[in-house]
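The sequence and structure come before the details.

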Amino acid sequence: MNIVLIGYMGSGKSLVSKALATKMKLNYLDLDDYIEIQEKKTIRNIFDDHGEIYFRKKESLCLKEMLDTYKNTIISLGGGTPCFAGNLKTIANKENVKSIYLQTSLDELTKRLFAERNKRPLISHVATPSELKDFVRKHLFERSFYYNQADYKVVTDHKNEDQISEEIISFLL
Ligand code: S3P
């Protein structure tokens, strides 16, 4: 079985994937890392040099490749992955894949993301926390339609990665 973690930027997908992989004794992979290795560039530079459409095509191809290649792996997706190019269908059509949505509140996301916005091309333009909050509110609303199609959902606020992983394991048992 493969497990994919989805959720907005800053929802803790990478951190939780690592904790979950350790607890379940499975491998862990991150789609953004996989793309960066293939392209030999950071996500930031891929967006700057080629634009978002190029990134989304790569993202979709890399997702398919990972799901076809790896087994017994926890895969952390990018925040936008389930929202583009039929990627949700790709995931849903794989019998042995379970998807988990890490749902994090707007306040928590804004707090976490402001300090890290320069690493993330979609939010690097915002100048203040309140501008970021307005952006995330709208963006998260649009994306929730896709996120909510995951097999399971975990509310992450006030929980650490161990607690979130335990909750995920209880769904999977
Ligand atoms: C994106 C999220 C990022 C990365 C890219 C686009 C998005 O991943 O894939 O910057 O569209 O939400 P994280 O969710 O790991 O930050």
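## Sheet

Two strands are taken as paired if DSSP finds at least two bridges between them. In this predicted model, β2 and strand β3 (residues 73-76) are joined by 4 bridges and run parallel. One of the residues involved is Leu29, whose bridge partner in β3 is Ile75.

Both strands belong to an open sheet of 5 strands with parallel pairing, in the order β2-β3-β1-β4-β5. The edges are formed by β2 (27-30) and β5 (152-155); each has a single partner strand, so one side of each has no neighbour in the sheet. On average, neighbouring strands are turned by 20 degrees against each other, direction ignored.

## Helix across the sheet

Helix α8 (residues 161-172) lies across β1, β4 and β5.

## Nonpolar cores

The largest nonpolar core has 31 residues, and Tyr8, Leu77, Leu113 and Val136 touch the most other members. At least two residues of this core come from each of β1 (2-6), α2 (31-39), α3 (43-50), α4 (52-69), β4 (97-103), α6 (106-115) and α7 (129-147). The greatest contribution is that of α4, with 5 residues. Apart from this core lies another, of 12 residues, including Leu5, Ile100, Leu102 and Ile168.

## Surroundings of Tyr8

Which residues is Tyr8 in contact with, leaving aside its neighbours within four places in sequence? They are Lys13, Gly79, Leu109, Leu113, Phe135, Val136, His139, Leu140, Arg143 and Tyr147. Among these, Leu113 and Val136 are also named with Tyr8 as touching the most other members of the largest core.

Notes:
Residues numbered from 1 in each chain as written. Predicted model: local features only at pLDDT ≥ 70, side-chain atom pairs only at ≥ 80, totals over all residues. Heavy atoms only, no water. Core = buried A, V, L, I, M, F, W, Y, C linked by side-chain atoms within 4.5 Å. Buried < 20%, exposed > 50% of the residue type's maximum accessible area, 1.4 Å probe, protein only. Contact = heavy atoms within 4.5 Å. Axes fitted to C-alpha atoms, helices over the stretch in contact; angles between N-to-C directions.
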